[in-house]
Amino acid sequence: MRRAAIIVTAVVVPMVVVLIVLAHVLGGRDNPSSSPAEVSGTSKQRADLPVLPVDVPSVTPAADAACPGLMRVLPLDLMGEPSRRVDSASSFASAWGDPPVVLVCGVGRPAGWVVGESAIQINGVQWYVDTHDPDTTVWTAVDRSVYVEVRVPSSIDSGPVTALTTHIAQALPYQEPRPGQ
């Protein structure tokens with residue numbers, strides 16, 4: 001008898017739950033109060049942002065081999081900021097938000113960087129940080145098959161770089177940093 005009660009409970013209770021959920025979902029279709037809430041705010045969408053001109057270096061064979069993989073995995077939103085269209089000589093540039101955070105894959109070795117010095121590591125990626133421009137901090141990933149530059153307005157912290165680090169590590173294999181390359 002007890003076994004029959006367990007079987008009935010195991011079958012009947014889930015069926016009742018399904019019927020209640022269906023009644024709620026289907027019954028709410030005609031109820032105007034169940035429609036999605038309207039959300040207002042000042043969040044910009046990709047279409048609202050102007051096309052951003054981005055200077056990029058000439059595409060090298062190494063960049064042509066490595067950068068498409070990175071560009072495929074970049075997020076559409078970066079820390080709540082939408083991606084925006086860019087105008088550049090290659091497809092290896094991406095940007096988000098206003099003021100923009102700009103990523104360029106396949107840049108040259110950053111001036112002032114010395115292997116083993118002046119680099120910080122975030123989530124397994126080594127970055128050289130250039131703060132000479134008071135308006136922009138330039139972060140360059142220096143331990144990948146190609147260098148990747150991320151320009152961040154100085155008014156923004158390192159959050160976008162930290163978020164992009166996982167995508168860079170996923171798409172570009174680690175390579176021991178080498179001087180002169």
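1. Let's start with L103. Skipping its neighbours within four places in sequence, L103 is in contact (heavy atoms within 4.5 Å) with L70, M71, L74, F92, A93, S94, W96, V148, E149, V150 and L164.

2. A quick word on what you're looking at. This is a predicted model, where local features need pLDDT of at least 70 and side-chain atom pairs count only at pLDDT 80 or more, while totals for chains, interfaces and linings use all residues. Residues are numbered from 1 along each chain as its sequence is written, and side-chain values use heavy atoms, with hydrogens and water left out.

3. L103 also turns up in the largest nonpolar core, which has 25 residues. A nonpolar core here is a set of buried Ala, Val, Leu, Ile, Met, Phe, Trp, Tyr and Cys residues joined through side-chain atoms within 4.5 Å, and buried means under 20% relative accessible area (1.4 Å probe, protein chains only). L70, L103, C105, W127, V148 and V150 have the most contacts inside this core.

4. Who builds that core? At least two residues each come from α2 (61–73), β6 (101–107), β8 (125–130), β9 (136–141), β10 (147–153) and α3 (159–171). The largest share, 5 residues, is from α2.

5. There's a second, separate core too: it has 12 residues, including V54, V56, A95 and V142.

6. Now zoom out. The protein chain has 3 helices and 10 strands, taken as DSSP runs (helices: H or I, at least four residues; strands: E, at least two) numbered from the N terminus. Buried residues make up 34% of the 181 residues in the chain.

Methods. Buried means under 20% relative accessible area, exposed over 50%, partly exposed in between (1.4 Å probe, protein chains only).
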